[in-house]
Amino acid sequence: MSAKLDRRHFIAAGTTALAMPFVLRNASAQGAWPSRQIRMVCSYPAGGQTDLLARAYGEFISKQVGKTVVVENKPGASGAIGTAEVARAEPDGHTILCSISTTYIMNRVVMKNPGYDMDKDLTLVSVIPGAGLLLVANPKTGVKTLEDFVAFARKSGKVNFGTYSAGSAPHMTINELNKQYGLNIEPVHYRGEAPMWTGMLEGTLDAAMGSYTAAQSVLQSDRGTVFAVHSKKVDAIPAIKTLPEQGATSKFFTVSGFTGWALPKATPQPVVDRLAELCVAANNDPKVKEVLATFVLEPAIGFKETNALYQRELPIWIESAKSLGLEPA
């Protein structure tokens, strides 16, 4: 065989190796991933935003790797039940967690023992940055801006403001507004957004805060007026300014929160990287695009970007959460 032919074979072999799937190139390191069915634990109930994202991304991942991805809902204790189960799972990439920033950040502040240690037990792989949360006032208040709301709160003396749980972003927003403006906004905690917006529809709340999609029942029936968004503009309502744009100064009004995926801590880094790549690639899938559009969400981001966001927002969330004065349960 000629040297020229040998060189061609060498180049062809090298090209083939580069084109081989990630899992095969790394097979000698930790075995092909995935080698069996993948279990994706969603730590919130079926039918909600987190569940629908888990299923859309899980379906895409399944198509790409040729293995079934089964989504199991393990709700309870602000996501801690399902999260603790994943934290104890074999760190081989076949058990994945899908949850939200409450689970990844807030539980360490509001729970004495959530059943897992985020720093020691889990690796955050990829996240979908949170959308802008709407602050909505009862039309009877006449509030159309943050300045109006502050004036209304001072005149009223007490304001009933709906949240979708204790320790949630709306709860912390109320706390920060009370501190900056010397107000007496009273949080009214509900078990989720749906009952909170029902309270708004019934006229029992002066204001509430939540997602654009879930708020539509109130907005479309003219039972609420959007007067601000938390930290991010919402494309569907570009004229509505963020809290910082209207003078609110808390650092908490610069964080977004997120939904994302995590693996047990000792999972090999090549598997972590591959899952992150798949989450990012899924952003172009039609079904994933549809779910993201439904909830007005940004696409998933990669591993490095995810952990940069996490490290940047973590101390702000913790500081704001601690200022609530909640005793760990």
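How do the residues of the lining of the largest pocket divide into nonpolar, polar and charged? They divide into 27 nonpolar, 20 polar and three charged, where Ala, Val, Leu, Ile, Met, Phe, Trp, Tyr, Cys and Pro count as nonpolar, Asp, Glu, Lys and Arg as charged, and the others, Gly among them, as polar.

The model is predicted: local features need pLDDT of at least 70, side-chain atom pairs count only at pLDDT 80 or more, and totals for chains, interfaces and linings use all residues. Residues are numbered from 1 along each chain as its sequence is written, and side-chain values use heavy atoms, with hydrogens and water left out.

**Stop 1: the largest pocket**

Select Y44, T50, I100, Y164 and E193, which lie nearest the centre of the largest pocket among its 50 lining residues. A pocket is an open set of points on a 1 Å grid over the protein atoms alone, where a 1.4 Å probe fits, with protein on both sides within 12 Å along at least five of seven lines; lining residues have an atom within 4 Å of a point. The volume is about 1,200 Å³, taken as the space filled by probe spheres set on the points.

Next, colour α4 (49-65), α6, β4 (122-129), α10 (193-201) and β10 (258-264), the elements that give two or more residues to this lining. Helices (H or I, at least four residues) and strands (E, at least two) are DSSP runs, numbered from the N terminus. The most is given by α6, with five residues.

**Stop 2: α6 and α14**

On the α6 side, select S101, Y104, I105, M106, R108 and V109, which meet Y310, L314, W317, I318, A321 and K322 in α14; contact means heavy atoms within 4.5 Å. This contact has nine nonpolar, one polar and two charged residues.

**Stop 3: α4 and α12**

Return to α4 and show α12 (residues 269-281), where the axes come within 9 Å and cross at roughly 115 degrees. Y57, F60, I61, Q64 and V65 of α4 touch L275, L278, C279 and A281 of α12. Here eight residues are nonpolar, one is polar and none is charged.

**Stop 4: two loops**

Select W33 and P34, whose peptide bond is cis, with omega near -5 degrees. P34 sits in the loop between α3 (27-30) and β1 (38-42). Finally, go to A77, in the loop between β2 (69-73) and α5 (80-87). Although A77 is not a glycine, its phi is positive, at about 55 degrees.

Conventions. Axes fitted to C-alpha atoms, helices over the stretch in contact; angles between N-to-C directions.
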